[in-house]
Amino acid sequence: MLLRDIAHSRAGDKGNISNISVIAYDPKDYPLLEKYLTAERVKEHFSQIVQGQVRRYALPTIGALNFVLEQALTGGVTRSLALDAHGKSLSSAMLSLDIPDADKG
Amino acid sequence: MKQVRIGSGAGYSGDRIEPAVELAERGELDYLIFECLAERTIAIAQRAKMKDPEAGYDPLLVDRMRAVLRPCSEKGIRIITNMGAANPLAAAAKVREIAQSMNLRKLRIAAVLGDDVLGILQTGDYTDDTGLPLNRLGNRLLSANAYLGAQALVEALAQGADIVITGRAADPSLVIAPLIHEFGWAMDDWHRLGQGTLVGHLLECAGQITGGYFADPGYKDVAGLARLGFPIGEVSEDGTVVITKVQGSGGQVTAATCKEQMLYEIHDPAAYFTPDVVADFSAVEIVELAPDRVRVSGATGRPRPETLKVSIGYIDSYIGEGQMSYAGPGALVRARLALDIVAERLKMTAVQASELRYDILGVNAMHGDALAASHSEPYEVRIRVAGRTDNLREAERIANEVESLYTCGPAGGGGATKSAKDIVAVLSTFLPRSEIKTSIQFEESRHAVT
């Protein structure tokens with residue numbers, strides 16, 4: 001299944017850094033997020049976009065992860081040549097990640 | 001138990017105006033805030049002020065104030081906003097003028113000054129946060145504004161301001177200030193200030209917490225987005241907040257909308273830096289109490305940072321951009337040919353660009369070729385070429401190379417557009433608090449009507 005089936009997401013920007021939240025619809029699915037959405041996997045998924053490191057923060061009390069992607073916005077919203085200079089649409093790209101069906105409990 | 005009701009009337013400068021009127025008329029508010037300053041807005045406003053000393057405040061200030069002043073005045077709702085941008089004094093004078101023209105009761109209007117630190121940075125050897133000297137920017141430097149905290153806003157409220165207008169202040173400070181004023185929180189009550197920062201962060205983007213920018217049909221359905229209601233925070237003395245909205249307005253407040261907004265533009269949730277406190281959101285709890293009523297609690301805080309962040313606006317470069325559309329059979333191969341032609345032309349004519357980007361909208365423009373790999377052939381696409389240059393003339397040449405595809409490019413291209421403009425960008429530095437002096441200036445609206 002796609003991550004989209006169990007979680008929602010929003011991207012924000014500060015300078016050249018994008019942050020993307022991933023929030024489980026059902027808190028019971030939060031362990032799946034923790035297991036499959038490692039910083040390494042997210043860095044790999046965005047390899048063409050993110051030049052810097054990816055850090056992951058866990059918020060178990062609300063069933064969410066927050067990813068911080070450095071050098072992800074081609075210079076940042078104020079000077080980027082990109083169509084989506086804020087990187088607002090990166091949240092949708094995050095939700096296209098695959099999560100193994102078998103683990104869905 | 002005492003509660004303070006704060007409505008959020010704008011999440012950015014160009015935001016809708018009607019939801020704020022609805023909040024003022026039917027929100028039973030104590031305070032209405034408007035957060036209207038994006039990162040580089042103040043630098044652009046500074047340029048407007050250079051041309052006209054009475055300009056440099058938010059472009060929608062007049063429309064917003066005309067729309068909300070009467071209900072706010074009648075109901076005693078106090079307004080706090082950063083719509084002063086580069087010129088809070090002129091903004092305050094303009095609001096006085098509007099209030100008088102509307103025959104409203106005497107309103108006390110305070111402008112908060114002191115965020116403009118351009119003079120300080122121009123007279124010393126300062127560096128930006130990457131260590132590079134600021135004087136390298138020379139006459140490309142446009143503005144430097146420190147993020148002020150809640151202190152001056154609290155003082156303005158204590159002196160009886162009905163309307164407080166700031167330039168650059170930290171977004172959550174617009175909300176913390178009335179909480180400190182109403183509840184008498186100490187300026188070193190870090191836990192309450194941390195929770196107050198969370199309230200401010202939840203409210204500052206207005207419609208983003210009431211279901212705006214949230215809908216994803218079939219997954220996250222939201223009703224009534226065209227008449228989206230903006231949020232109200234019912235804040236208790238301990239800083240716990242219930243997020244709600246005007247009954248009958250569009251949108252929704254749910255745990256999910258609150259969670260998305262809580263993490264919006266946050267890095268480490270345990271260390272969110274503001275001028276007032278280092279807030280910790282890592283153990284927050286979010287509970288749905290009733291439809292459109294969500295309780296958010298559990299933020300804490302640590303002592304505030306010793307330096308204030310300063311946002312510096314400067315002219316970074318120029319960007320030229322051209323676009324053209326292709327449709328029907330073979331649209332994609334014609335679009336690719338068009339991009340190849342432009343690339344060859346830019347090389348041939350030696351256009352001086354430090355960075356170039358070739359996109360096919362509908363195919364790879366958003367996330368590059370790797371994430372777009374599974375796409376099928378689209379019926380229509382639009383090419384886009386954008387380049388960064390050192391001057392306007394070179395930027396125009398890039399834009400023209402796309403437009404000239406009308407007579408020199410592949411078959412059937414249509415709808416060309418082009419632009420060339422200078423780019424106002426921002427970078428950051430930090431200054432010790434002691435270097436920044438804030439003050440308050442009142443603009444009385446003298447026209448008192450019974």
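## Contact between the chains

Asp216(B) forms a salt bridge with Arg4(A), and their closest N and O atoms are 2.7 Å apart. The model is predicted. Across the interface of chain B and chain A, the rule finds 3 salt bridges. Between these chains, 24 residue pairs are in polar contact, both residues being at pLDDT 80 or more.

Several elements of chain B give two or more residues to the side that touches chain A. The helices are helix 9 (255–262) and helix 11 (368–371). The strands are strand 14, strand 15 (355–361), strand 16 (380–389) and strand 17. Helix 9 of chain B gives the most, with 5 residues.

How many residues of chain B are in contact with chain A? The count is 51 residues of chain B, in contact with 40 residues of chain A. The size of an interface is often given as the accessible area lost when the parts come together. Chain B and chain A bury about 3900 Å² between them. Carbon and sulfur atoms carry 57% of that area.

## Two domains in chain B

In chain B, 9 residues of domain 1 are in contact with 7 residues of domain 2. The area buried between these two domains is about 710 Å². Carbon and sulfur atoms give 58% of it. Arg40(B), Arg47(B) and Ser311(B) supply 54% of the area that domain 1 of chain B buries against domain 2, more than any other three residues.

The rule finds 1 salt bridge across this domain interface. Arg47(B) also forms a salt bridge with Asp422(B), with the closest N and O atoms 2.8 Å apart. Between the two domains of chain B, 2 residue pairs are in polar contact, both residues being at pLDDT 80 or more. On the domain 1 side, helix 2 and strand 14 of chain B are the elements that give two or more residues.

## Helix 2 of chain B

Helix 2 (residues 41–51) of chain B has four named buried residues: Ile42(B), Ala43(B), Ala45(B) and Gln46(B). Seen down the helix axis, these buried residues fall within an arc of 160°, so they line one face of helix 2 of chain B. They pack against strand 5 (141–146), strand 14 (307–327) and strand 17 (414–432) of chain B.

## Helix 7 of chain B

Helix 7 (residues 173–183) of chain B is mostly covered, with 9 of its 11 residues buried. Among them are Ser173(B), Leu174(B), Pro178(B) and Phe183(B). What covers them? The cover includes helix 6 (151–158) and helix 8 of chain B. It also includes strand 1 (3–8), strand 2 (31–34), strand 3 (78–81) and strand 7 (231–236) of chain B. Gly184(B) follows helix 7 of chain B, and its phi is positive, near 70°.

## His201(B)

His201(B) sits in helix 8 (residues 190–203) of chain B. Is His201(B) buried or exposed? His201(B) is buried, with a relative accessible area of 1%. Leaving aside neighbours within four places in sequence, the residues in contact with His201(B) include Pro172(B), Gln261(B), Met262(B), Tyr272(B) and Phe281(B). Tyr264(B) and Ile266(B) are also in contact with His201(B).

A polar atom of the His201(B) side chain lies 3.0 Å from the backbone oxygen of Tyr264(B). His201(B) and Asp390(B) are 189 residues apart in sequence. In space they are 38 Å apart, C-alpha to C-alpha.

Notes: Residues numbered from 1 in each chain as written. Chains lettered and ligands numbered in written order. Heavy atoms only, no water. Buried < 20%, exposed > 50% of the residue type's maximum accessible area, 1.4 Å probe, protein only. Contact = heavy atoms within 4.5 Å. Polar contact = N/O pair within 3.5 Å; in protein donor to acceptor, adjacent residues only side chain to side chain. Arc of directions from axis to C-beta. Buried area = accessible area lost by both parts, 1.4 Å probe. Salt bridge = Lys/Arg side-chain N within 4 Å of Asp/Glu carboxyl O.
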